Amino acid sequence: MPLSNRHLLGLQGVPKEDIQLILETTKTFREVLERPIKKVPTLQGKTVVNLFFENSTRTRISFELAEKRLSADAINFAASSSSVSKGETFKDTIRNIEAMKVDMVVARHSAAGTPRFLTQICDASIINAGDGIHEHPTQALLDMYSIKEKLGKIEGLKVCIVGDIAHSRVALSNIYGLITMGAKVSVCGPSTMIPRFIHDLGVDVIYDIDEAIQENDVLNVLRIQLERKAREYFPSIREYATFFGITEERLEKNGKDILIMHPGPINRGVELSNAVADGLNQIILQQVTNGVAVRMAVLYLLGTMN
Amino acid sequence: MKVILKNVNILNPEQKLKETKTNILLSDGKIVKIGELTAEDTKGEKKEFDLTGKYVVPGFFDMHVHLREPGREDEETVITGCQSAANGGFTGLACMPNTEPAIDSAEVVSLIKKQAKDQLTDVFIIGAATVGRKGEIISPMAELKESGVVGFSDDGVAIKTAAILRRVMEYSGMYNLPIIEHCEDETLAGGAMNEGLNSTKLGLPPIPSVAEDLIVSRDILMAEYTHSKIHIAHISTKKSVEMVRQAKKSGIKISAEVTPHHFTLTDDFIKTYDTNYKMNPPLRTKSDVDEVISGLRDGTIDCIASDHAPHSAEEKEVEFEFAPNGIIGLETQIGVALTELYHKKILSLEQVIEKMAINPRKILNIPVPKIQPGELANLTILDLDEVWTVDFDSFKSKSQNSPFNKRLLTGRASGVINKNQMYFEGEFFNI
């Protein structure tokens with residue numbers, strides 16, 4: 001059974017069957033990654049362009065590796081090295097790339113909705129690798145795969161997303177995906193970083209980190225983007241770390257075996273203490289490995305649809 | 001030349017005039033006779049139009065138009081804007097000063113006037129309230145008034161500070177000219193759509209409704225304090241409508257306009273990131289639209305204006321956050337108003353005429369055209385029941401950025417008459 005859409009623009013509205021299919025396929029590729037020879041010929045002859053209009057190292061490497069493991073021809077396009085800076089319009093840039101006959105485009109862009117815009121101006125299959133503060137579907141898929149791998153299920157679990165929810169594409173994709181898969185989702189962070197209407201998405205809001213630890217099975221802790229505007233939304237890093245940072249003392253105090261996840265890169269001593277970042281509860285590096293497998297699954301399912 | 005408009009209905013609430021199935025005789029652009037016409041009346045060179053079932057009303061007036069000249073003649077010019085107005089059923093318009101350079105000197109005013117001289121459409125000019133619309137120094141208001149400006153605005157942004165607003169209001173108060181305010185607190189501005197569940201779902205930076213409400217409240221208080229006239233442009237929020245209603249009750253000299261998109265569309269339309277739904281103020285929610293409609297009904301909102309904002313396709317066909325704000329509206333406005341307000345029985349035809357022909361002129365101290373012998377003919381001909389589909393390829397505007405393209409509407413203007421010219425069913429001719 002194929003996926004219901006030839007693009008992956010986000011997890012909003014993606015049916016449960018599609019997510020299940022991606023997660024099951026991921027399992028197969030996860031096994032491939034444990035083999036001595038980690039390459040399969042599945043996408044031989046297909047061309048994938050990684051179109052990155054915003055800086056990214058780990059997501060781009062993860063996609064590139066996934067493409068190479070599937071034997072696709074992978075091309076990297078970064079906005080800084082492109083004609084975008086020479087004044088060419090976005091639409092013309094895309095048309096030019098498409099004219100080189102590409103099958104799939106993996107797009108990262110600072111503006112929300114750009115992947116959908118791409119579907120209107122080009123014929124390739126589009127995978128959203130993060131658009132503004134909108135969605136980052138492959139991150140949420142790898143988070144869900146990692147939860148399932150560790151805890152055996154998603155349905156019925158309580159998952160809390162911690163941090164700057166308002167400026168996070170990871171949060172929104174996780175909210176959509178987890179709710180579809182039957183988890184109970186809450187968010188925790190300073191009120192200035194919680195979108196005003198988030199409750200209407202079916203999400204509970206918690207302002208007390210201890211309560212978030214007590215109430216949940218999983219904490220997905222987001223990076224505080226110190227380089228971005230985030231700094232205007234809370235008084236100081238010290239105050240954030242004191243009131244919302246996850247520390248070993250906090251975990252012990254609440255006496256709880258809880259799964260700690262983080263999409264990386266971590267600000268050690270801010271959202272996670274050193275001890276927690278390296279501790280027994282976290283699966284941060286497994287998430288990174290699973291990321292390659294999830295992206296292989298998505299590329300494979302979309303790349304073999306026609 | 002004589003023009004005979006046969007079998008028309010005439011309506012002008014300003015004159016308490018209402019006639020059915022009558023005839024109008026024009027000669028050299030003037031109204032000569034209304035009623036039964038004799039053989040003597042119709043002798044000589046003439047054009048006859050059988051307008052059975054149609055209405056002849058005072059020429060419609062759009063008080064919020066961006067003509068883009070000088071500066072962005074690739075998007076619109078004074079001439080194409082005037083033709084767009086005629087095609088949309090308007091005999092007059094007021095153009096906003098956010099051109100490049102801004103309309104903050106008599107030279108720019110005279111340039112626009114020169115371009116508009118031979119057009120059917122009357123072009124009135126809103127001058128910048130501050131030099132370069134920068135909110136720092138009051139514009140030369142006396143000079144601008146001398147050159148014919150009818151109001152002041154920094155449209156595109158609100159007048160920057162309360163201190164400058166006070167001076168602007170006091171100074172313009174000497175000449176009894178209104179300040180037209182784009183109400184948006186700049187420290188809360190900068191988003192791409194209305195703040196709500198939709199902005200959260202779409203991941204677009206939000207503009208909270210309180211950004212509008214704060215400036216509306218500031219301006220109401222300042223208008224009261226300085227006894228000046230304030231006009232709220234493109235009102236869009238529930239709270240702002242409530243505040244204007246209250247201010248009118250307390251006797252403050254305030255008026256307000258709303259655009260067709262703000263009484264028709266909501267932020268639900270942005271789902272596909274179509275930049276033709278991106279404008280400022282942004283599309284709001286259903287409860288805002290409902291309140292705007294009550295405001296139209298109870299008279300809190302005095303007039304309907306398009307905020308006609310042409311943008312080139314290259315500029316609009318980009319990522320939503322990077323697209324410029326604004327849509328065109330001159331050629332869809334009457335159709336949308338008749339469909340959504342008149343046919344849905346929210347406003348009577350008299351009220352539509354008040355809001356689109358009479359009140360905008362009164363706010364800007366422009367005489368309202370009369371339909372009586374001896375007067376220059378300044379008329380719009382309405383067909384209330386024509387069903388038509390909007391097609392932006394038929395627009396006279398240079399730009400096509402309209403969210404109403406392909407929409408089915410009931411009612412439109414069949415033509416206009418003004419300044420010894422007539423535009424009827426797609427053609428201009430001298431009369």
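A residue is called buried if 20 or more other C-beta atoms lie within 10 Å of its own, exposed if 12 or fewer, and partly exposed in between, with C-beta atoms placed from the backbone. Helices (H or I, at least four residues) and strands (E, at least two) are DSSP runs numbered from the N terminus. The model is predicted: local features need pLDDT of at least 70, side-chain atom pairs count only at pLDDT 80 or more, and totals for chains, interfaces and linings use all residues. Residues are numbered from 1 along each chain as its sequence is written, and chains are lettered from A in the order in which they are written.

Helix α12 of chain B (residues 349-363) is mostly covered, with 11 of its 15 residues buried. Among them are V352(B), I353(B), M356(B) and R361(B). K355(B) is also buried, and α12(B) bends there by about 40°; the bend is the angle between axes fitted to the seven residues ending at a residue and the seven starting there. After α12(B) comes N365(B), with a positive phi near 55°.

In chain B, strands β2 (residues 17-27) and β3 (residues 30-34) run antiparallel and are joined by 4 bridges; strands pair if DSSP finds at least two bridges between them. L26(B) has I31(B) as its bridge partner in β3(B). Two residues lie between the strands of this hairpin, where D28(B) takes a positive phi near 50°.
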